[in-house]
Amino acid sequence: MDDERDPPAPGPAGAPLRKALSVLEVLAEAPRPLTLSELSRLANLPKSTLHRLMRVLTDNGLAVRKETKTYEIGAYLSRLAAMGGPAQAQFLNYPVTPFLLELFQTTNRIVSLGTLSGGKVQHTGTLYGQKHVRLAMALRRPVPAHGSAAGRLLLAMARRSLADPLATAVPGSRMFPARADAMRREFDRIRRTGLSYARSEHIPELVELAAPVRLGRAGPLAAVVVGDTVTNRDLRSVGQALLDTVDAIERDVAAAW
């Protein structure tokens, strides 16, 4: 099983991202569907590289493979644009998708971008394989921030009052002080390590690892999230790949904004 293997070591910074982006640009500009040979020539990539890359792009709707064994641009980004809302608009304002794609290829797990919308977390740009379809579909629904790794990370980094993440606690509950203390300790740990690891309280089979990224010099704080089922290997094993991704986004995308 893929989940039993160590994730492959990242290559040169940005290389897989730029390959994916160059292929998508060629497909977007093409007046008709292209064969793999045509894609290889126009994107200046060997067929051996394109075979795996196109499988990932088609699995996630970024490209479409037709019955004629040709490829055209998919509807993934246009669907995101049609969703509307501030989180989606923020996501589309920055070329983050190739970075998420590289992280997805490296980890073979669910990968997404999370942002705060009021007291909830909204996931956008979610990439996933066939075995994670159900969990990825569940991520389409906003969830209370305190109940997920992404939400706790964003609340901790924003240094909000503990009254915000615990606003859904039952008034007068004896557990409220204990949970507030636990959350305060967790926020301190998140700020110290730059990572948030938690089992989702709203999607019981999901565990998440999240790291913060600022989209632009004065842009919003977001969370790059890797998710998997709770029965699989400890997700913290992909922590370095996640940190490398947010570093690349801030260096190559946000700093140039």
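Strand S4 (residues 120-127) and strand S5 pair in the antiparallel sense, and two bridges hold this pairing in the predicted model. Within that pairing, the bridge partner of Val121 is Val143 in S5. The two strands belong to an open sheet of six strands, whose order is S5-S4-S3-S8-S7-S6 and whose pairing is antiparallel. Strand S5 (143-144) and S6 stand at the edges of this sheet with a single partner strand each, so one side of each is left without a neighbour in the sheet.

**The other end of the sheet**

- S6 and S7 together form a hairpin, in which six residues lie between the two strands.
- On S7's pairing with strand S8 (residues 221-229), nine bridges join the two strands, which again run antiparallel, and Glu208 stands opposite Gly227 in S8.
- Strand S7 (residues 206-214) is largely enclosed by the rest of the structure, because eight of its nine residues are buried.
- As a general point to keep in mind when looking at such a sheet, the side chains in a regular strand alternate between the two faces of the sheet.

**Nonpolar cores**

- The largest nonpolar core has 42 residues, and those with the most contacts inside it are Val23, Leu39, Met54, Leu57 and Val224.
- At least two residues of this core come from each of helix H1 (15-29), H2, helix H3 (47-59), H6, S3, S7, S8 and H10, and H1 gives the most, with six residues.
- Leu39 shows how such contacts reach across the chain: leaving aside its neighbours within four places in sequence, Leu39 is in contact with Val23, Val26, Leu27, Leu34, Asn44, Leu50, Met54 and Tyr71.
- Another core, of 16 residues, lies apart from the largest one, and among its members are Ala149, Ala150, Ile190 and Ala223.

**Helix H2 and the residue after it**

- In helix H2 (residues 36-43), the buried residues are Leu36, Glu38, Leu39, Ser40 and Ala43.
- Asn44, which comes just after H2, takes a positive phi of about 60°, and Asn44 is also one of the residues in contact with Leu39.

**Salt bridges**

- Side chains of opposite charge can pair when their charged atoms come close, and a search of the whole structure finds seven salt bridges.
- The side chains of Arg109 and Asp228 meet in a salt bridge (3.0 Å, N to O), and this pair links distant parts of the chain, since Arg109 lies in the loop between H6 and S3 while Asp228 lies in strand S8, 119 residues apart.
- Both members of that pair, Arg109 and Asp228, are buried.
- Lys66 and Glu72 also meet through their side chains in a salt bridge (3.8 Å, N to O); Lys66 counts as partly exposed because its relative accessibility is 32%, and Glu72 is likewise partly exposed, with a relative accessible area of 29%.
- Arg191 forms a salt bridge with Asp188, with the closest N and O atoms 3.1 Å apart, and both residues lie in helix H9 (residues 175-193), three residues apart, which is about one turn of the helix.
- An α-helix has 3.6 residues a turn, so residues three or four places apart point the same way.
- Arg191 is partly exposed, with a relative accessible area of 26%, and Asp188 is partly exposed too, at 41%.
- Arg152, Glu186 and Glu201 are linked in a network of salt bridges.

**The protein as a whole**

- The secondary structure comes to ten helices and eight strands, and buried residues make up 47% of the 257 residues in the protein.
- Among the contacts with a separation of 6 or more, 60% are accounted for by residues 24 or more positions apart.
- The protein exposes about 12900 Å², of which carbon and sulfur atoms supply 53%.

Notes: Residues are numbered from 1 along each chain as its sequence is written. This is a predicted model: local features need pLDDT of at least 70, side-chain atom pairs count only at pLDDT 80 or more; totals for chains, interfaces and linings use all residues. Side-chain values use heavy atoms; hydrogens and water are left out. Buried means under 20% relative accessible area, exposed over 50%, partly exposed in between (1.4 Å probe, protein chains only). Helices (H or I, at least four residues) and strands (E, at least two) are DSSP runs, numbered from the N terminus. Two strands pair if DSSP finds at least two bridges between them. Contact means heavy atoms within 4.5 Å. Accessible areas come from the Shrake-Rupley method with a 1.4 Å probe; for residues, only the protein chains shown count as cover. A salt bridge is a side-chain nitrogen of Lys or Arg within 4 Å of a carboxyl oxygen of Asp or Glu. A nonpolar core is a set of buried Ala, Val, Leu, Ile, Met, Phe, Trp, Tyr and Cys residues joined through side-chain atoms within 4.5 Å.
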